[in-house]
Amino acid sequence: KRQGKHEQAKQCFEQAAHAGIATGYIELGQLLIGDPTKVIISEVSKEDLDKVENYFRLAGQAKDPKGWKALIDLLEKRLDFAKLQQNREDFEIHWNKLANATAGGLQLGLKGAATKAQTYIEEQFLKKLIRIYDYPLIS
């Protein structure tokens, strides 16, 4: 019975996502992994992690800062896991994805994105972003 409700919820969220409701994407991702700040990367398949990453990215691209926030949280977990595994290739991939997600969050005024931007985005690119969005430069 519980599986039926899960499938029903999934269908509702898929319909919402296809209708352009960003929250649908976030909920689809959370159905797969739960809270992205608490996910244990080693317990989720790479396929599911990639799928969830895409859901959160689509929510962010649909102008929902919560999508960028969820994506940043998930990518930080994946970055930590790659670091723990001493997997330099995955570390670099997730670092670059984090830079892009942080830039997306920054554009929507996501709380905390400016602080993360200082970590994940190269200074030259960050200054360019600031000029594009006409934010005052802070020295």
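In which kind of crossing does α3 pass α4? The crossing of α3 past α4 is left-handed, a label used when the near helix is turned anticlockwise from the far one by less than a right angle (right-handed if clockwise). That is one detail of a predicted model, where local features need pLDDT of at least 70, side-chain atom pairs count only at pLDDT 80 or more, and totals for chains, interfaces and linings use all residues. Residues are numbered from 1 along each chain as its sequence is written, and side-chain values use heavy atoms, with hydrogens and water left out.

Overall, the protein has seven helices and zero strands, where helices (H or I, at least four residues) and strands (E, at least two) are DSSP runs numbered from the N terminus. Of its 139 residues, 36% count as buried, that is, under 20% relative accessible area, with exposed meaning over 50% and partly exposed in between (1.4 Å probe, protein chains only). Taking contacts (heavy atoms within 4.5 Å) between residues at least 6 apart in sequence, 48% join residues at least 24 apart.

As for confidence, pLDDT is the predictor's own score for each residue, from 0 to 100. The protein averages 82, and 83% of the residues reach at least 70. Among the elements, α3 has the highest mean pLDDT (94), while helix α7 (residues 123-132) has the lowest (54).

Helix α3 covers residues 46-61 and helix α4 residues 65-84; they pack at an angle of about 150 degrees, with axes 7 Å apart. Axes here are lines fitted to C-alpha atoms, for helices over the stretch in contact, and angles run from 0 to 180 degrees between N-to-C directions.

At 17% relative accessibility, Glu76 counts as buried. Leaving aside residues up to four places away in sequence, Glu76 touches Leu98, Lys116 and Tyr120. Glu76 and His94 are 18 residues apart in sequence, and their C-alpha atoms are 7.8 Å apart in space.
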